[in-house]
Amino acid sequence: MNPYWSPLVQELKPYVPGEQPKLSSLVKLNTNENPYPPSPKVLEALRHELNGSLRLYPDPNAEQLKLAIGRYLNVRTEQVFVGNGSDEVLAHAFLALLKHEQPILFPDITYSFYPVYCGLYGIAYNSIPLTDSFDIRIEDYARPNGGIVFPNPNAPTGRLLLQTDIERLLNGNRDSVVIVDEAYIDFGGESAAALVNRFPNLLVVQTLSKSRSLAGLRIGFAIGDAGLIEALERVKGSFNSYPLDRLAIAGGVAALEDRDHFEWSRQAIMWTRNWVTQALADLGFEVLPSAANFVFARHPAHDAGELAAALRERHIIVRHFRLPRIEQFLRITIGTEEDCQALLDALNALVAGKAAA
Ligand SMILES: *Cc1c(COP(=O)(O)O)cnc(C)c1O
């Protein structure tokens with residue numbers, strides 16, 4: 001251990017993001033990026049922003065972006081918080097809203113950044129097992145807690161919790177904050193943002209990384225009661241006054257305003273997901289029904305780690321987590337039809353090849 005490190009840093013176990021390979025010829029189905037380019041209007045807005053005004057700081061409040069989000073989700077700007085990717089928004093929310101006496105609750109199988117934030121901020125947590133079918137059971141969260149957080153649809157399972165269940169959870173949990181991480185909500189779910197006026201303890205977090213094809217621009221936001229948003233602003237104002245640069249603000253506004261491109265891209269991905277789900281099932285995979293831009297699947301006769309390695313040799317990368325309960329699953333991002341056809345061809349050779357041997 002390095003003696004210059006603080007005791008906190010000695011203990012930190014950082015999140016490990018999916019690989020970003022240098023080789024561009026790979027079929028990259030490992031980090032849930034959108035296979036389609038962002039709206040051409042985003043690129044136009046970025047070009048328009050490339051001028052001498054880059055010498056000036058951006059708007060610290062990103063007002064134009066908050067207005068665009070407010071128009072999109074029908075909320076007031078005081079109910080909107082924006083950050084440098086939803087990872088940053090979540091980090092601020094953990095510190096601002098989830099650090100209390102009681103442990104917070106989240107599913108045992110979920111976004112692996114949550115325990116990392118807990119480690120960073122010294123927040124105790126209990127992980128609540130998903131059911132055998134990998135679903136969140138609302139009753140399991142009816143216990144004293146310092147807050148609740150989960151993705152909807154969940155990651156990496158893709159399983160969706162219905163709006164009525166989220167309401168049930170909120171009705172039974174009025175004394176602490178519930179954070180719904182909607183990174184994948186646009187691929188088949190209904191946003192809980194519609195509930196924020198009724199539940200002052202609900203924070204809904206979304207990102208432009210997935211459904212808007214802007215993972216490279218780093219834009220995330222939260223919707224909630226103005227009181228919750230103020231807490232996030234306090235943390236942000238104690239950390240970085242300008243988390244969103246001029247390009248991100250301009251590009252984000254343009255992305256939110258191009259409803260047609262958004263609709264086209266998410267419909268294409270949902271269509272491809274349904275096709276891939278069926279094709280994987282035809283190859284003998286068990287595929288969890290997904291409402292996200294990825295599927296989570298296992299094969300009863302093939303080790304997931306070996307499949308992932310064999311796919312890699314064929315220049316296709318998917319995500320494999322060596323974690324309890326899910327070590328036999330592959331998380332496969334939905335790419336273009338061509339990407340997915342390449343995946344299915346490779347799996348067909350691997351799976352059928354072994355069966356014939
Ligand atoms: C991708 C993802 C995020 C983070 O997205 P950003 O790129 O930081 O906006 C947050 N939560 C979940 C569950 C994700 O999968």
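Modeller: A residue is called buried under 20% relative accessible area, exposed over 50% and partly exposed in between, using a 1.4 Å probe and protein chains only. The model is predicted, so local features need pLDDT of at least 70 and side-chain atom pairs count only at pLDDT 80 or more, while totals for chains, interfaces and linings use all residues. Residues are numbered from 1 along each chain as its sequence is written, and side-chain values use heavy atoms, with hydrogens and water left out.

The structure holds 14 salt bridges, each a side-chain nitrogen of Lys or Arg within 4 Å of a carboxyl oxygen of Asp or Glu. One of them pairs R246 with E49, at 3.8 Å from N to O. R246 belongs to helix 8 and E49 to helix 2 (residues 40-49), so this pair links parts 197 residues apart in sequence. Helices here are DSSP runs of H or I with at least four residues, strands are runs of E with at least two, and both are numbered from the N terminus. Both R246 and E49 are buried.

K66 and E233 form another salt bridge, with their closest N and O atoms 2.7 Å apart. K66 sits in helix 3 (residues 63-73) and E233 in helix 7 (residues 226-236), so the parts tied together are 167 residues apart in sequence. K66 is buried at 4% relative accessible area, whereas E233 is partly exposed at 24%.

In the pair of E78 and R76 the closest N and O atoms are 2.6 Å apart. E78 is partly exposed at 40% relative accessibility, and R76 is partly exposed at 48%. Salt bridges with shared partners also join E139, D165 and R168 into one network.

The domain assignment, automatic or from a database, gives domain 1 (18-37 + 260-356) and domain 2 (40-257). Across their interface the rule finds one salt bridge. R325 forms a salt bridge with D108, the closest N and O atoms being 2.8 Å apart. R325, F262 and A291 supply 32% of the area that domain 1 buries against domain 2, more than any other three residues.

How values were computed. Buried area = accessible area lost by both parts, 1.4 Å probe.
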